[in-house]
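Here is my note on the model you sent over. Please have the structure open beside you as you read.

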Amino acid sequence: MGYLIRRGRLVDPVSGIGGVMDILLENGKVAVIGSNLSAPGAQVLDASGLTVCAGLVDLHTHLMEPGFEYRETVATGSRAAAAGGFTSVACMPDTQPPIDIPGGVGYIRELSRKAGGARVYPVAALSKGRNGQEPCDYEELKDAGAVALSDATPIRNANLLRDAMILAHRQGLTVLSCCEDPDLAQNFAINEGRVSRQLRIPGRPAIAEELQVMREAMLAEETGAAVHICRLSTAKSVAIVRRYKKKGAPITCETCPQYFTFTEDEILQQGPPARLEPPLRTPTDVEGIIEGLKDGTIDAIATDHTPYAEAETARPLVQAPAGMVGLETALAASLTALYHTREMSLSDILRKLTINPANILRLPSAGRLAIGLDADLVIFDPEEEWSVEPQNFCSLGRNTPFSGKRLKGKVKYTLVGGEIVYQAG
């Protein structure tokens, strides 16, 4: 038995098709898109007043399994993703052991098949053991099902990174790079600037990110490898990517909702929950990030979903872990900061949450809503306002600076392969 989605407002950034339509789902696929459809025996989902689009795609998620199941598992992360409207997520290899051999890739794929939420795609390690010294066997990892490569941490060794890009290019795999010079950043808790001086603690300078963004852009240009810069947080980083894109370098990039919502002042209000990596920056940087989203320099909105246990997040600011959970708030936070402020159209926002990240990961059917493709889609109310209550998350993690914030945009249904994997309430 399939589903007939009635009278939903279809938003399709790929085809440009929009308007109130019906969508028939059969045998896990999108069967018909049209008006006033009839499908005897199909279960009807009334989407009147709601938006329907392709399921969201997150190309930067930390699901922590194996090794850190007390923080998150593939199953809980998959369900959290579905609750946030994501139908496909790419999980980073910062596990114990790391995902650096074909067996590790296969293990994640098997966990995904059993998870019951969003589809989970493994990102394999760039270097053996994630130690930044020796490349993995990318051909074996790709054959096992890896969709991209990353060490999920900044890489000091430029020679290793250059060799890895050349090898990854031969295999048609995108390199996902986290950019921050570790010698400059030194695991300091917050941005170097006015707030760090006010609190009299050392900060992470913006140039720590910008130096490595420049290095990766130059290496992408030289090697021809597809390089994706994760979690941009500064205006100058955006400017660097913009410059190299104009030169034709095969470079893409992402940012996260926290970097176009909050500034470093949030540290003064919240303390440890606002400790992120990279850190929250200045109002000028927020403006630069939004401008990069609007002009297309920034290709994707990702979550960098990084859950921690309550005992870990209860530590003081300088000892607390850096990161936040984001799968269940990313859509609403993006709509609140960009759509409801009229900075961007709904279609342009959804493009950065669906087709663009799918293309970066080279997932042929994800991020698209078209006849004959997998029926992975989300139905949401862009106008519904709600309060973020982390105790109600599907994720095991509760660490988020959005806790208690009012957001606009509520997921009602998420479907994967034509089956409901999340329903509000």
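1. First, some ground rules. This is a predicted model, in which local features need pLDDT of at least 70, side-chain atom pairs count only at pLDDT 80 or more, and totals for chains, interfaces and linings use all residues. Residues are numbered from 1 along each chain as its sequence is written, and side-chain values use heavy atoms, with hydrogens and water left out.

2. The chain as a whole. It holds 14 helices and 18 strands; these are DSSP runs numbered from the N terminus, with helices being H or I of at least four residues and strands E of at least two. The chain's radius of gyration is 20 Å, close to the 22 Å that the globule rule gives for 425 residues, so it is as compact as a globular protein of that length. That radius is taken over C-alpha atoms, and the globule rule is 2.2 Å times the number of residues to the power 0.38. Along the principal axes, the C-alpha atoms fill a box of roughly 65 × 45 × 45 Å.

3. The pairing of β1. Two strands are said to pair if DSSP finds at least two bridges between them. Strand β1 (residues 3-11) pairs with strand β2 (residues 18-26) in the antiparallel sense over seven bridges, and Leu4 has Leu24 as its bridge partner in β2. Six residues lie between the strands of this hairpin, where Gly16 takes a positive phi near 80 degrees. β1 also runs parallel to strand β4 (residues 43-46), joined by four bridges, with Asp46 as the partner of Arg6.

4. The eight-stranded sheet. Follow the order β6-β7-β8-β9-β10-β13-β14-β15 and you will trace an open sheet with parallel pairing. Its edge strands, β6 (56-61) and β15 (300-301), each pair on one side only.

5. Strand β7 (residues 86-91) and strand β8 (residues 119-124) are parallel and share four bridges. Val89 stands opposite Val120 in β8, and Ala90 has Tyr121 as its bridge partner. β8 is also joined to strand β9 (residues 148-149) by two bridges, again in parallel, with Val123 opposite Ala148.

6. A helix over the sheet. Which strands does helix α7 (residues 206-223) lie across? They are β10 (174-178), β13 (227-230) and β14 (251-255), and the helix runs at about 170 degrees to β13. Axes here are lines fitted to C-alpha atoms, for helices over the stretch in contact, with angles from 0 to 180 degrees between N-to-C directions; contact means heavy atoms within 4.5 Å.

7. How the spaces were found. Rolling a probe the size of a water molecule over the atoms shows where empty space is left. On a 1 Å grid over the protein atoms alone, a cavity is a set of points where a 1.4 Å probe fits but cannot get out, while a pocket is an open set with protein on both sides within 12 Å along at least five of seven lines; lining residues have an atom within 4 Å of a point. Points are joined across faces, edges and corners, and a volume is the space filled by probe spheres set on them.

8. The largest pocket. Its volume is about 660 Å³. It is lined by 30 residues, and Ala152, Thr153, Glu277, Tyr308 and Ala322 lie nearest its centre. The lining divides into 11 nonpolar, 10 polar and nine charged residues; Ala, Val, Leu, Ile, Met, Phe, Trp, Tyr, Cys and Pro count as nonpolar, Asp, Glu, Lys and Arg as charged, and the others, Gly among them, as polar.

9. The second largest pocket. This one has a volume of about 380 Å³. Of its 20 lining residues, Arg109, Ser112, Arg119, Val120 and Tyr121 are the closest to the centre. β8 gives the largest share of the lining, four residues.

10. Of its 13 lining residues, Thr153, Ile155, Leu176, Ser177 and Cys178 are closest to the centre. The largest share of that lining, four residues, comes from β10.
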